[in-house]
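Keep the view open while reading.

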Amino acid sequence: MKVYSIYILNKAGGLIYQNDVNPGLNRLTANDYLVLAGTLHGVHAIASRLTPALNGRDTTNPTESHSNKNAAILSTGKVQDANSNKSGLQSIETDLFNLYIFQTLTGIKFILVTSPNPVVHNLQQINRELTNRGELSKQYDQANEVFKHLYIVYSDYVMKDPFYSLDMPIKSSLFDMKVKEII
Amino acid sequence: MSKSSNNRYNGDDIWKNNTEKINSELFTLTYGSIVSQLCRDFNHNYHEVNNQLDKMGYNIGLRLIEEFLAKTGVGRCSTFKETVEVISKLGFKIFLNITPQIENWSSDNKSCSLILPDPNPLTEFVELPNLKDAEILKELWYSQILCGVLRGALQMVQLDVDVNFVKDTLRGDDKTEIRLKLNKFLKDEVPAGED
Amino acid sequence: MSNNDNDIILASATSLSTLTINDISKDGFGYNPSVGPQSNNITQETSNYLLSKRTTSITSPNSIYDKSIINKKTNEISLSSLSFLFCEIVNWCHKSSKGIQDLETRLNGLGYTVGQKYIELIKLREGFKTNKREIKIIEMLQFIHGIFWKSIFGKTANELEQSQDVSNEYMIIDNSPLMSKFISIPKEYGELNCSAFIAGIIEGALDSSGFFANVTAHSMAIPGFPLRTVFLIKFDESLSIRESLRR
């Protein structure tokens, strides 16, 4: 999976960081990026309204599932997934690219645009013991990994920079470097 | 801390593996240097110093919460009780390597006290110079920055809390106690997409 | 803090090397090398200290004087806490200072008091193992470069150099200073280096040991170490006279 670009949106939906790593692709103008960010923010919010109500499969109500997750962290001390994006737009998969959206509890959204899912020619017997989602979700897991590293790098190099004001565009050169290293 | 023999304190795994550790004395000395500089800048008006420390803590808290969430992946807590438990077992453990006790829950479960263990990294080997200046004992809350940090961090997860010191061993009390009071849950600011 | 103040509020630790025989400390504390040790006479004022309830009860179990500082296991704390605290310090100094130089001076002043205290502590713990006191410049610098740096930051500094062109100038180089690990200086601030705080620590340590110096921090990035910082230590001229006398 190749990451094409990374965008970071603040709570209000404004674009605070963008990084396009694949130089072969055409670039948009600066304005277009801002519009794209705003659109994604809006679409994500609308999607959370459109999500079908939790069906019978998952009868625990959402607050309980969070408490279970927190209790798991407290008792084992193991890190869990920080993605709080449960009912908003999570991913878009097309023939040319995949887009993943991750949101934190504080409202920051990380958007990853990556290469599309690999075309699977011979669909072998999907081994249901391993995962019940099959080949196509492997990329989602990889994207999740990238997100974890990205969030940690964000909390380190952006939050600890005294010259950065909250919700403003990120201009830190160290952050740029670290992001490039992740990809 | 008699419970500690039964429950293994829980931030341990994250503390051991995911955090880069340093000597706490540099931290203690740096904090001390700031407090004394603030006292001189404000001409020993300790109420102002407390306010400034609180503001500084607030700014830190706004940023610290991201690191906390990134390192632990904690989800939204359903009750204030859970929030305080997460703060004391994970938050304090990861950042300051101490685990405060939670006590004194109010009847509506909206306020409680955190008892900070002695020694804590902010106040190790610190003594307030009460011979020169008797008011310092009555007015200065030395670790006020912690209150600001808690307030700022909880603000970013849409909880409005009041945090203040009630007792401080530096002042001669028997323990160091912080009181947390939940004012309200800021429902309007919850980001879209959470259930 | 009013913005109408035209006076720069200086960090209040005056450099020891600038104290003269006429400077009497307001608080009655602090050592002035030009004057020498204060009298130990028991006067009305000093007896207030000696007889106050707090001093006579310092052996209560909660007293800090009862705790050992040599043998205690050093507590560990997360690097993030220090980084956040430092970030806020820089922020606060930035708001109350009037320029890059002023900001660096304030950071230097804050580090100065830390350095003065740290040198005492480290000497007490580690320095006596070498069984001698450093009285030559080179020895002192090696102490700072090695034992001092290791106790504070957990690693020795990377290089120690003497300047070829200017006498009395030495450089300690650290490839990745701990406290400014996460800070990137925006282009508008050009020459600013937040390691001025660490420069203050070095300056405080040197001044308290009798080696009066001025220490500044400069960034000199090389490929692989973008945060590489050079601490330029400029000793007083009086020191070169002293060195030649000791040879």
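## Helices on the sheet

This is a predicted model. Start with helix H4 (residues 80-96) of chain B, which lies across E2, strand E3 (111-116), E4 and E5 of chain B. H4(B) runs at about 155 degrees to E2(B).

Helix H6 (residues 144-156) of chain B packs on the sheet too. H6(B) touches E4 and E5 of chain B. Its direction makes about 165 degrees with that of E4(B).

## The sheet itself

Four strands of chain B form this open sheet, in the order E2-E3-E5-E4. The pairing is antiparallel. Strand E2 (101-103) and strand E4 (159-167) of chain B stand at the edges. Each has a single partner strand, so one side of each is left without a neighbour in the sheet. From one strand to the next, the twist averages 30 degrees.

Look next at E4(B) and strand E5 (residues 176-185) of chain B. Eight bridges join the two, and they run antiparallel. Asp160(B) stands opposite Lys184(B) in E5(B).

## A buried helix

Now turn to helix H2 (residues 24-41) of chain B. At 1.5 Å a residue, its 18 residues should span 26 Å. The end C-alpha atoms are 26 Å apart, which agrees.

Is H2(B) largely enclosed or left open by the rest of the structure? It is largely enclosed, because 13 of its 18 residues are buried. A residue counts as buried here if 20 or more other C-beta atoms lie within 10 Å of its own. Just after H2(B) comes Asn43(B), with a positive phi of about 55 degrees.

## Chain B as a whole

Chain B holds six helices and five strands. From the N terminus on, its elements run α-β-α-α-α-β-β-α-α-β-β.

The C-alpha trace of chain B spans about 55 × 40 × 35 Å along its principal axes. A compact globule of 195 residues would have a radius of gyration near 16 Å. Chain B has 17 Å, which agrees. Of the 195 residues of chain B, 50% count as buried. Take the contacts in chain B between residues at least 6 apart in sequence: 60% of them join residues at least 24 apart.

## Where chains A and C meet

The contact takes ten residues from chain A and eleven residues from chain C. On the chain A side, the elements giving two or more residues are helix H3 (138-158) and helix H4 (173-182) of chain A. The residues of that side divide into four nonpolar, two polar and four charged.

Note on methods
Residues numbered from 1 in each chain as written. Chains lettered and ligands numbered in written order. Predicted model: local features only at pLDDT ≥ 70, side-chain atom pairs only at ≥ 80, totals over all residues. Expected span 1.5 Å × (residues − 1). Buried ≥ 20, exposed ≤ 12 C-beta atoms within 10 Å, placed from the backbone. Pairing = 2+ DSSP bridges. Axes fitted to C-alpha atoms, helices over the stretch in contact; angles between N-to-C directions. Contact = placed C-beta atoms within 7 Å. Nonpolar A, V, L, I, M, F, W, Y, C, P; charged D, E, K, R; others polar. Rg over C-alpha atoms; globule rule 2.2 N^0.38 Å.
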